[in-house]
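Here is a short briefing on a predicted model. Read the points below next to the coordinates.

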Amino acid sequence: MWSWPSDEAITNVVEHAYQYDARRNVSVELLLEKAQLRVLIRDNGDAFTPGQVPVVDLDRHIAERRTGGLGVHLMHQ
């Protein structure tokens, strides 16, 4: 089972970097190192800088009943 950050990262590649283009590939490598599992995700999608995304105001997000737009927030959490 994927952890949230891994699932969110792959979803963001497919949706935003690849725009659902099924001809594009995502590489996922799992590395077991002592007591931890590292997940390496590689893609050749459009570049993205998470630091350029504004911080989400969760109260406003919920009040407006918005869907989506929480990917970077979830990755940081």
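Glu 33 and Arg 38 join their side chains in a salt bridge, with 3.4 Å from N to O. Glu 33 is partly exposed, because its relative accessibility is 32%. Arg 38 is also partly exposed, at a relative accessible area of 35%. The structure holds 4 salt bridges. The model is predicted, so the values below are computed from it.

**Salt bridges**

- Side chains of opposite charge can pair when their charged atoms come close.
- Arg 23 and Asp 21 form a salt bridge through their side chains, at 2.9 Å from N to O.
- Arg 60 has a relative accessible area of 53%, so Arg 60 is classed as exposed.
- Glu 64 reaches 41% relative accessibility and therefore counts as partly exposed.

**Nonpolar surface patch**

- Which residues form the nonpolar patch on the surface? They are Val 28, Leu 30, Leu 32 and Leu 37.
- Together these residues have about 410 Å² of accessible area.
- Strand β1, residues 27–33, gives the most to the patch, with 3 residues.
- Leu 37 sits in strand β2, which covers residues 36–42.
- Leu 37 counts as exposed because its relative accessibility is 53%, and exposed means over 50%.

**A buried serine**

- Ser 6 belongs to helix α1, which covers residues 4–17.
- Is Ser 6 buried or exposed? Ser 6 has a relative accessible area of 7%, so Ser 6 is buried; the cut-off for buried is under 20%.
- Ser 6 is in contact with Val 39 and Ile 41, leaving aside neighbours within four places in sequence.

- Gln 19 is not a glycine, yet its phi is positive, near 50 degrees.
- Gln 19 lies in the loop between α1 and β1.
- Gln 19 is exposed, with 60% relative accessible area.
- Arg 65 has a positive phi too, of about 50 degrees, and is not a glycine.
- Where is Arg 65? Arg 65 is in the loop between α2 (58–63) and α3 (71–76).
- Arg 65 has a relative accessible area of 75%, which means that Arg 65 is exposed.

**Largest pocket**

- The largest pocket holds about 750 Å³ of space.
- How many residues line the largest pocket? The lining has 29 residues.
- Asn 12, His 16, Phe 48, Gly 71 and Val 72 lie nearest the centre of the largest pocket.
- Helices α1 and α3 are the elements that give two or more residues to this lining.
- Which element gives the largest share of the lining? Helix α1 does, with 8 residues.

**Points to check in the viewer**

- Helix α1 holds the buried Ser 6 and also gives 8 residues to the lining of the largest pocket.
- Strand β1 gives 3 residues to the nonpolar patch, and the loop between α1 and β1 holds Gln 19.
- Arg 65 is in the loop between α2 and α3, and α3 gives two or more residues to the lining of the largest pocket.

Terms used:
Residues are numbered from 1 along each chain as its sequence is written. This is a predicted model: local features need pLDDT of at least 70, side-chain atom pairs count only at pLDDT 80 or more; totals for chains, interfaces and linings use all residues. Side-chain values use heavy atoms; hydrogens and water are left out. Patches are made of residues with over 30% relative accessible area and no salt bridge: like charges are joined within 9 Å, nonpolar side chains (Val, Leu, Ile, Met, Phe, Trp, Tyr) within 5 Å. Accessible areas come from the Shrake-Rupley method with a 1.4 Å probe; for residues, only the protein chains shown count as cover. Helices (H or I, at least four residues) and strands (E, at least two) are DSSP runs, numbered from the N terminus. Buried means under 20% relative accessible area, exposed over 50%, partly exposed in between (1.4 Å probe, protein chains only). Contact means heavy atoms within 4.5 Å. On a 1 Å grid over the protein atoms alone, a cavity is a set of points where a 1.4 Å probe fits but cannot get out, and a pocket is an open set with protein on both sides within 12 Å along at least five of seven lines; lining residues have an atom within 4 Å of a point. Grid points are joined across faces, edges and corners, and a volume is the space filled by probe spheres set on the points.
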